[in-house]
Amino acid sequence: MATVANNNLNAKLVLLGDMGAGKSSLVLRFVKGQFLEFQESTIGAAFFSQTLAVNDATVKFEIWDTAGQERYHSLAPMYYRGAAAAIIVFDITNLDSFGRAKKWVQELQKQGNPNLVMVLAGNKADLEERRSVPAEEPRTYAEENGLFYMETSAKTAQNVNEIFYEIAKRLPRAQPPQNPAGMVLVDRQAGGASASKCCS
């Protein structure tokens, strides 16, 4: 869910994906500018927050980094429910992790938030020589499913900040009402009957 106050947007963002795909590494790189060669597995979920300035607004991300182990899968809805954005992460050197990323996309599509900004992140782009997911495959999949796709590397920081900026730009902004009180008064003055005839 995204809430707006004076051009300040609070947005809940969740990371989903296979264990070892690099979810925690992406968050750590984005929030703290760090990369750990040996990252402990997340248990349950970890919470971070980070604020970005985008155009004339400030976006504060409330980031839930979920555990990738299968035994924690049943907890995921608790974290993605009400999210404004989701990053589904897979490892470009692991074809199975891409398969499971697609399952996450399907799960999110089923829960039916039409405003959810969904991103597919092919992580570990620094390991191009070990790639097992052809670059075109996730790109095509993302286009067909209304996601945007970006290849990232938490190790080299490639596209890490960019992916969060792109999400911030795509978050739905609450539109201020277009002077509704004035419109209602005009309708009333014109008389209810004529007002209702125009639109029936």
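Colleague: Buried means under 20% relative accessible area, exposed over 50%, and partly exposed in between, with a 1.4 Å probe and protein chains only. What share of the 200 residues in the chain counts as buried?

Modeller: The buried share is 42% of the 200 residues. This is a predicted model, where local features need pLDDT of at least 70, side-chain atom pairs count only at pLDDT 80 or more, and totals for chains, interfaces and linings use all residues. Residues are numbered from 1 along each chain as its sequence is written, and side-chain values use heavy atoms, with hydrogens and water left out.

Colleague: How many helices and strands are there?

Modeller: The chain has 7 helices and 7 strands. Both are DSSP runs numbered from the N terminus, helices being H or I with at least four residues and strands being E with at least two.

Colleague: What order do the elements come in?

Modeller: Starting at the N terminus, the order is β-β-α-β-β-α-β-α-β-α-β-α-α-α.

Colleague: And the contacts, what part of those with a separation of 6 or more comes from residues 24 or more positions apart?

Modeller: That part is 70%. A contact here means heavy atoms within 4.5 Å.

Colleague: Switching to salt bridges. How many does the structure hold?

Modeller: There are 7. The criterion is a side-chain nitrogen of Lys or Arg within 4 Å of a carboxyl oxygen of Asp or Glu.

Colleague: Take R131 and E151. How far apart are the closest N and O atoms?

Modeller: They are 2.6 Å apart in that salt bridge. E151 sits in strand β7 (residues 148-151) and R131 in the loop between β6 (117-123) and α4 (136-144), so the pair ties together parts that are 20 residues apart in sequence.

Colleague: Is E151 buried or exposed?

Modeller: E151 is buried, at a relative accessible area of 13%.

Colleague: Which residue does R131 meet through E128's side chain, and what about E128's accessibility?

Modeller: The side chains of R131 and E128 form a salt bridge at 3.0 Å, N to O. E128 has 44% relative accessibility and counts as partly exposed.

Colleague: Now helix α4. Where do E136 and R139 lie in relation to each other?

Modeller: Both are in helix α4, 3 residues apart, which is about one turn of the helix. E136 is partly exposed at 48% relative accessible area, and R139 is partly exposed at 33% relative accessibility.
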